[in-house]
Amino acid sequence: MKKLTCIICPNGCVLDVGSADGGIKVSGNLCPKGEAYARAEVISPKRTISSSIRVIGGDSEIVSVRLDRAVPKDMIFPVMDAIRRAHASAPVHIGDVLIHDVAGTGADVIAIEDIS
Amino acid sequence: MAEYKDAVIIGGGPAGLAAAIALDKLGVHDIVILEREKELGGILRQCIHDGFGLQRFGRSLSGPEYARIFIDEVIERGICFHTDTAVISLSPDRHVKAVSPSGLIEYDAGAVILAVGCKERSRGSIMIPGERPSGVFTAGSAQAYMNLYNRFPGHEAIILGSGDIGLIMARRLTLEGVHVKAVFEILDHPNGLERNIAQCLDDYGIPLFLNHTVTDIHGNSRLEGVTVCKVDDCLRPVKETAEFHSCDTLILSVGLRPDAALLDGAGIMIDPRTGGAVVDEHFMTSVPGIFTSGNGLHVHDLADFASLESEHLAVSAAGFLKDGLHNEMDVDVSCGNGVGHIVPQKIHSADGFSLSLRASSVMDDAVLRISQSGKDILRKKIRRVRPSEMLMVDIAGGLVSPDGNVEVEFI
Ligand SMILES: Cc1cc2nc3c(=O)[nH]c(=O)nc-3n(C[C@H](O)[C@H](O)[C@H](O)COP(=O)(O)OP(=O)(O)OC[C@H]3O[C@@H](n4cnc5c(N)ncnc54)[C@H](O)[C@@H]3O)c2cc1C
Ligand code: SF4
């Protein structure tokens, strides 16, 4: 039996994850998303992150960015390396893909604000 | 010469934007939003992590994206706003003075909506002794430096306080290559949401020490380290447990309080528990026609609820503009066992409303009881009660009578 905190929503349910009949059994979740989260967490934990990318010729030095989907937890630092090396040229628009398939994860790095 | 507006909205964060949009939808078009910063969006501009909008939009957005949905709607509706415009005074007769790039501007308002957000408690407000080297930041200012201005606080950080901003900054600093050594919390429970402990600390192996606090700060020009002590049951540091921890950055995440700067001048009654105004179920303060919501009223965990609150406020403000003041009763709401603070603190009508509260301690399987003169209005079983999580309960219309206080308690 393992205890996990569901991070999907602010309720932060504490989930009990155990194995039963060779499968995974989850309890303590208030909604089905918690069960899906616990299963993924046991098999292959995933996270999203936010950061910023340098901007050339903009009215701000940086643009805030996030991943458009979760990546395996052990890819977070390789993703961060790629983000740190990247730069964008102004203007940047909210939703623009600034790095496609970052570090081979299939996730895109997207701008979350406009920089002119 | 003061210009007349039906409503002047002070603050362009999620609370102010939602109030403006809701008023416009209700047919109150002669309104203006005044925002001190150079852009609309409030604190969300610097909250680049995701986790916004789950309640409202059913998906997880970053702060700037959440704000953008509201800003776009304000622009589409042609709602008037002025940025770089700081309100410096508000009078009881709803006269608003602000400084803007074009000089002093003044309004006489039919209704004023204070949506000014909160302030961080700083080193002064928690009284840590020691030297005054550079390298001590509040979590929100460190967040602004990094996320808005690309300035990094240091290389080796310690975080004091387990508020959400501190937890989010622990992760952000770690991702940017700063070594976050530990988070120390004086209380016996974390101040931030469980999900932030899991995804910001546990994920990165950052330890959280409860019942610990910083008792001294060392360094001349730059911070060199801090002394940390365990505390006893009365939160007094136990000297024998003192330990030195080297660090060049100390981040304080020791709590938020509503920004009450404009309340005094307007003669608005303040609730010492929330640090914001006393309001009734219509979000009206003790001064008729002045309303408030969002973090400026009481600190919210979620922007979604700050927006929602403002939409309720807008209905009341529109009603006030049309019909004036209609108080049918004057009932106080008081905090009983286990309740840290509550909003609203006053009830002036038999209308249904939502009550927001924070518990003062950690409880499991508690029952929230709301009663008046010993008679139950509502009982609700709550599986998990945490001071870090704001609770909201809806009270149907007609349940509160004009006689006796309403008491809110855990039993
Ligand atoms: C660091 C941090 C992390 C958070 N994380 C989350 C999260 O993950 N998910 C979530 O849903 N919520 C989160 N929240 C909560 C959410 O951001 C708040 O609930 C919300 O921003 C409150 O909105 P507001 O409009 O009341 O205040 P604010 O956003 O603070 O806006 C107030 C505005 O008023 C302006 N103002 C103040 N005084 C004056 C004046 N005198 N004249 C003119 N303008 C003035 C300020 O400049 C500011 O723009 C977080 C909050 C913080 C601080
Ligand atoms: S289980 Fe459902 S309700 Fe509980 S935290 Fe996860 S997503 Fe939220």
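This report covers a domain interface in chain B, a helix of chain B and a serine of chain A in a predicted model.

Residues are numbered from 1 along each chain as its sequence is written, and chains are lettered from A and ligands numbered from 1 in the order in which they are written. Local features need pLDDT of at least 70, side-chain atom pairs count only at pLDDT 80 or more, totals for chains, interfaces and linings use all residues, and side-chain values use heavy atoms, with hydrogens and water left out.

The domain bounds come from an automatic or database domain assignment. They are tabulated here.

| Domain of chain B | Residues |
|---|---|
| Domain 1 | 1-120 + 256-326 |
| Domain 2 | 122-254 |
| Domain 3 | 328-411 |

The centres of domain 1 and domain 3 of chain B, taken over C-alpha atoms, are 25 Å apart. Contact (heavy atoms within 4.5 Å) involves 19 residues from domain 1 of chain B and 21 residues from domain 3 of chain B. The buried area (accessible area, 1.4 Å probe, that two parts lose on being put together, summed over both) is about 1600 Å² between these two domains, with 55% from carbon and sulfur atoms. B:Arg273, B:Glu281 and B:Asp301 supply 36% of the area that domain 1 of chain B buries against domain 3 of chain B, more than any other three residues.

The interface holds one salt bridge, a term for a side-chain nitrogen of Lys or Arg within 4 Å of a carboxyl oxygen of Asp or Glu. The side chains of B:Arg358 and B:Asp301 form a salt bridge at 2.6 Å, N to O.

**Helix H5 of chain B**

Helices (H or I, at least four residues) and strands (E, at least two) are DSSP runs, numbered from the N terminus. Helix H5 of chain B spans residues 139-149 and is largely enclosed by the rest of the structure, because eight of its eleven residues are buried (under 20% relative accessible area, 1.4 Å probe, protein chains only). The buried residues of H5(B) include B:Met146 and B:Leu148. Their packing partners are strand S6 (62-67) of chain A and, in chain B, strands S9 (118-120), S10 (136-138) and S17 (249-252) and helix H6 (164-175). Just after H5(B), B:Asn150 has a positive phi of about 60 degrees.

**A:Ser51**

A:Ser51 belongs to strand S5 (residues 50-56) of chain A and is buried, at 1% relative accessible area. Beyond its neighbours within four places in sequence, the contacts of A:Ser51 include A:Val63, A:Val65, B:Ile48 and B:Glu176.

Terms used: Buried < 20%, exposed > 50% of the residue type's maximum accessible area, 1.4 Å probe, protein only.
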